[in-house]
Amino acid sequence: MNTLKPYPLIDGYTHSISQVICFLQFARSCTLKVVENYTTEELDFLPEGISNSTATLLRHIAALEFQFQQVTFYNQKLNQQQMIEWYGGYATELSLNYVKNQPLSYYITLLVTQRNTTLELFKLKTDEWLLADNLIVPKANNLFFWYHLAEDELSHMGQIKLISKMQAKDYKNIT
């Protein structure tokens, strides 16, 4: 019989934060698997009728993680310097396809750097903090942001797969 198995407790983290880390890491591993060995041309490909390249989506995932760090761990909105640093990575800017001509290693560095920061900051937090109302967005708790990051990343991974199929002109397999 198949049964749901509990997430493992990760050393240095609370029980609930360990669960959050598990689903964040699962989403990230799926994304990285899809883009492994991508060329710069594949990253920058922008199919007709699609407003984002794979490169833009990867930058967006890293930018969103940075933004959620600010909102949840530091209780602050992005300042002007941070908005400039991450320009092109937020929802209203995605169609600009601001970043181009970067190798996959550029995007992996962005993703890994943000994830490592998130993991270090989670070590300082409790399960009570995770469920507490967020001070910047009181209609949401801190858990919401981290759940949303995983959900958003998995959604964008699907977009990346679609873009890849369009690039290969394998339209018959798109479902």
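Me: How many salt bridges does the structure hold, and what makes a pair a salt bridge?
Reply: There are five salt bridges. The label needs a side-chain nitrogen of Lys or Arg within 4 Å of a carboxyl oxygen of Asp or Glu. Bear in mind that this is a predicted model, where local features need pLDDT of at least 70 and side-chain atom pairs count only at pLDDT 80 or more, while totals for chains, interfaces and linings use all residues. Residues are numbered from 1 along each chain as its sequence is written, and side-chain values use heavy atoms, with hydrogens and water left out.

Me: Why is the pair of glutamate 153 and arginine 28 called a salt bridge?
Reply: The closest N and O atoms are 2.8 Å apart, and the limit is 4 Å, so the pair qualifies. Glutamate 153 sits in helix 7 (residues 142-167) and arginine 28 in helix 1 (residues 15-35), so the bridge ties together parts 125 residues apart in sequence. Those helices are DSSP runs (H or I, at least four residues), numbered from the N terminus.

Me: How do you know whether glutamate 153 and arginine 28 are buried or exposed?
Reply: Buried means under 20% relative accessible area, exposed over 50%, and partly exposed in between (1.4 Å probe, protein chains only). Glutamate 153 comes out at 1%, so it's buried; arginine 28, at 6%, is buried too.

Me: What about glutamate 65 and arginine 115?
Reply: Their side chains meet in a salt bridge at 2.9 Å, N to O. Glutamate 65 belongs to helix 3 (residues 54-73) and arginine 115 to helix 5 (residues 104-122), so this pair links parts 50 residues apart in sequence. Glutamate 65 has 0% relative accessible area, so it's buried, and arginine 115 is buried at 4%.

Me: Why is glutamate 120 called partly exposed?
Reply: Its relative accessibility is 47%, so it lands in the partly exposed band. Lysine 123, at 41%, lands there as well. These two form a salt bridge, with the closest N and O atoms 3.4 Å apart.

Me: What makes helix 1 and helix 3 roughly antiparallel?
Reply: They pack at an angle of about 160°, with their axes 12 Å apart. Axes are lines fitted to C-alpha atoms, for helices over the stretch in contact (heavy atoms within 4.5 Å), and angles run from 0 to 180 degrees between N-to-C directions. Under 35 degrees is roughly parallel, over 145 roughly antiparallel, 65 to 115 roughly perpendicular and the rest oblique. So helix 1 and helix 3 are roughly antiparallel.

Methods. Helix = DSSP H or I, 4+ residues; strand = E, 2+ residues; numbered from the N terminus.
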